[in-house]
Amino acid sequence: SDHMENICGYLMKYTNLVTGWQYRYFVLNNDAGLLEYFVNEQSRFLKPRGTLQLAGAVISPSDEDSHTFTVNAASGEQYKLRATDAKERQHWVSRLQICTQHHTEAIGKNNPPLKSRSFSLASQGSANSPGVQRRPSQNAVSFFNVGHHRLPTGKRVPIMQPDHLVDVREMMSQAEGQQRDLIRSIECLPASGHLTSLDQDLLMLKATSMATMNCLNDCFHILQLQHASQQKGSLPAGTTISWLEPKISLANHFKNGAAQNFPAEINKPASVREEQSIAEPCQLTREPEEINPDEELEDICDDKEDDLGAVEEQRSVILHLLSQLKLGMDLTRVVLPTFILEKRSLLEMYADFMSHPDLFVAITNGSSPEERMIRFVEYYLTSFHEGRKGAIAKKPYNPIIGETFHCSWRMPKSNVATDAGTNSSAHSPSEQVTLPKDPEGRAEPDYYTVKFVAEQVSHHPPVSGFYAECVERNMCVNAHVWTKSKFLGMSIGVTMVGEGVLHLLEHGEEYTFSLPCAYARSILTVPWVELGGKVNINCAKTGYSASINFHTKPFYGGKLHRVTGEVKQNMTNTVVCRVQGEWNSVLEFTYSNGETKYVDLTKLSVTRKRVRPLEKQGPFESRRLWQHVTESLRDGDIDKATEHKRALEERQRNEERLRAETETPWCTKYFLKDGDGWVYHKPLWKTVSAAQTQQTDSN
């Protein structure tokens with residue numbers, strides 16, 4: 001084929017931080033399925049400086065620029081390469097991908113099947129390993145009893161009876177157990193020798209067996225839906241049959257040789273049975289609950305995510321996961337390994353936006369629209385760094401639909417910045433709003449309270465709503481976020497789709513804002529997080545706006561976590577403030593009068609949130625809902641954490657399936673649908689409006 005031509009030429013190869021990029025002469029050997037490189041063209045007939053086997057490799061164009069791409073071999077070795085321009089990169093990438101596909105497919109066609117080899121999988125592992133104690137006659141093919149059955153011609157396919165579905169479920173359960181046996185046996189093989197766990201045939205067998213079981217589970221679900229429709233006469237209106245997320249999570253299969261237990265239902269821990277048996281959320285009370293801040297205690301939980309070793313230990317899991325992903329693939333339905341999880345829910349992570357509540361409350365104290373916009377920008381840029389609990393990038397738990405998180409912050413009034421020369425509580429009579437007084441006549445506290453509530457309002461797509469308010473300062477913020485994750489080669493991108501609105505009721509101002517994208521970089525080594533993209537903040541009433549750019553690091557050179565922005569008056573197009581620096585380090589604000597202000601985020605005091613004890617939380621509050629997963633992760637028991645996590649996710653799938661079959665809509669607890677967004681059911685602007693009406697009527 002013309003497309004299988006051998007190509008050669010110079011490319012830049014990234015070596016290390018010291019030597020950086022170097023020109024090397026590369027040769028694509030299609031016949032052998034090899035990518036070789038030499039110091040220069042003259043030395044191409046000597047021994048190559050490096051060689052990569054392309055069978056099973058992943059060729060990934062870089063998402064950073066149009067010249068760079070990576071070649072990730074099945075062995076884990078990686079080449080970072082750069083062409084002279086986008087056209088040359090495309091030429092190399094397309095030829096490499098064709099060669100890779102050809103030799104990957106040839107593995108199954110040209111090599112003998114496992115059953116004809118002169119070895120036994122069971123003999124390769126330890127005799128004491130439960131994963132390899134199988135009958136000698138068993139092999140990968142007999143595990144599944146693969147056979148082809150032809151239906152007699154002219155006979156109708158009988159309608160599936162309920163007992164037949166039970167039989168199918170039983171057979172599938174047996175097949176899943178046998179497949180797990182197979183995976184354990186492969187993983188128990190030695191890392192070197194005649195047969196290893198990295199054998200190309202075995203890697204292919206692992207991938208295809210997992211894909212087969214996932215596909216069978218999806219087909220079984222379709223059979224269940226069809227059976228339900230036969231009971232009713234037809235499918236419910238609006239019902240769709242679609243492929244579901246994988247039922248077998250990678251974390252259950254690839255533990256680098258660690259034998260795993262898959263206990264029967266009766267042997268499951270009580271906590272797992274409890275997670276699976278919690279009633280349908282809509283059948284619980286869905287009435288909004290008023291959380292008393294006095295019941296909340298200062299949070300003493302401090303889960304720092306600093307375990308860098310887990311990534312290297314689980315590298316084979318990541319490699320296998322990457323081999324199944326495609327560029328641009330939506331990761332919403334991909335089951336990720338448990339060891340990469342952060343010990344908290346995404347809903348709780350959103351609460352970290354309020355880790356500096358003194359800066360949040362101080363916004364409304366600005367004496368002019370210009371100053372209030374600048375204060376909001378300062379608060380906004382300082383709200384991201386506390387969201388990271390360590391140097392390594394880990395993923396918070398995906399919230400279960402109906403999950404909620406409540407907390408609050410208290411800060412002394414003396415700690416909140418006021419406008420120079422003014423009293424923070426001095427406002428014109430027209431701006432004052434008197435809320436209902438404490439019926440018990442208690443003295444006014446000397447602190448401000450900021451209350452926060454978040455709820456997972458949708459599962460597909462995954463949408464979260466969160467709301468925070470400070471009643472004493474007549475200000476609140478409402479936001480909804482749809483997290484869209486995509487695979488980008490050697491990184492994962494998360495787009496935060498949605499909008500937030502800050503309401504300063506004393507001034508009648510609304511500030512709309514968006515959120516930047518987040519990226520998990522270097523997912524094959526030590527993952528780290530950076531933010532990227534442009535966000536805008538606007539206040540329609542005052543005509544002030546801010547434009548903020550989160551800069552991603554260039555592939556070579558440049559600074560990490562850089563951010564720049566400017567605040568301007570739209571009517572005059574006058575820039576009144578510029579900001580630059582790093583969003584997790586030092587920010588520099590330069591004002592139109594020439595003054596400069598520095599904000600060192602590493603020295604900013606963080607106000608600890610206040611959370612109710614677990615025993616006072618409802619069953620769908622984040623910490624109580626995920627408590628067993630979190631405890632297992634703290635203890636380093638990944639298998640147990642995976643079991644608890646799977647129980648929660650399976651319950652959510654069953655509930656979603658039941659709602660679809662019974663045409664029961666999901667009912668949220670704290671947030672109401674408003675156009676394309678979600679709004680808190682009892683926002684402060686409604687409370688204040690009602691208070692104003694009451695004052696007018698009494699007068």
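A residue is taken as exposed when its relative accessible area is over 50%, and in the predicted model described here Asn 573 is therefore classed as exposed, because its relative accessible area is 51%. Asn 573 is found in the loop between β20 (562-569) and β21 (574-582), where its backbone adopts a positive phi of about 60° although the residue is not a glycine. Most residues other than glycine have a negative phi. A positive phi is also found at Asn 474, near 55° and again in a residue other than glycine, and this asparagine lies in the loop between β13 and β14. Asn 474, however, counts as buried, because its relative accessibility of 6% falls under the 20% limit.

The loop between β20 and β21 also holds Asn 570, which is partly exposed, with a relative accessible area of 37%. Leaving aside residues up to four places away in sequence, Asn 570 touches Gly 543, Tyr 544 and Ser 545. The C-alpha atoms of Asn 570 and Gly 543 are separated by 5.5 Å, although the two residues are 27 residues apart along the chain. With Ser 545 the contact is polar, the side chains of Asn 570 and Ser 545 making a polar contact at 2.7 Å.

Side chains of opposite charge can pair when their charged atoms come close. In the model, 20 salt bridges are present. Among them is the pairing of Arg 473 with Glu 506, whose side chains meet at 3.1 Å, taken from N to O.

A salt bridge between Lys 682 and Glu 290 has its closest N and O atoms 3.6 Å apart. Here too, distant parts of the chain are linked: Lys 682 belongs to the loop between β26 (677-680) and α15 (684-698), while Glu 290 belongs to the loop between α6 (270-277) and β8 (297-298), the two residues being 392 residues apart. Lys 682 is partly exposed, with a relative accessible area of 44%, whereas Glu 290, at 53% relative accessibility, counts as exposed.

Arg 344 and Asp 352 form a further salt bridge, in which the closest N and O atoms are 2.3 Å apart, and both of these residues are buried. Arg 344 and Asp 352 also take part in a network of salt bridges that links them with Asp 299, Glu 342, Glu 348, Lys 609 and Arg 623.

Two packed helices are described by the angle between their axes and the distance between the axes. For helix α13 (residues 627-634) and helix α14 (residues 638-662), the axes come within 8 Å and cross at roughly 165°. Helix α13 is therefore roughly antiparallel to α14, because angles over 145 degrees are assigned to that class. The crossing in which α13 passes α14 is left-handed.

Note on methods. Residues numbered from 1 in each chain as written. Predicted model: local features only at pLDDT ≥ 70, side-chain atom pairs only at ≥ 80, totals over all residues. Heavy atoms only, no water. Salt bridge = Lys/Arg side-chain N within 4 Å of Asp/Glu carboxyl O. Helix = DSSP H or I, 4+ residues; strand = E, 2+ residues; numbered from the N terminus. Buried < 20%, exposed > 50% of the residue type's maximum accessible area, 1.4 Å probe, protein only. Contact = heavy atoms within 4.5 Å. Polar contact = N/O pair within 3.5 Å; in protein donor to acceptor, adjacent residues only side chain to side chain. Axes fitted to C-alpha atoms, helices over the stretch in contact; angles between N-to-C directions. Parallel < 35°, antiparallel > 145°, perpendicular 65-115°, else oblique. Left-handed = near helix turned anticlockwise from the far one by under 90°.
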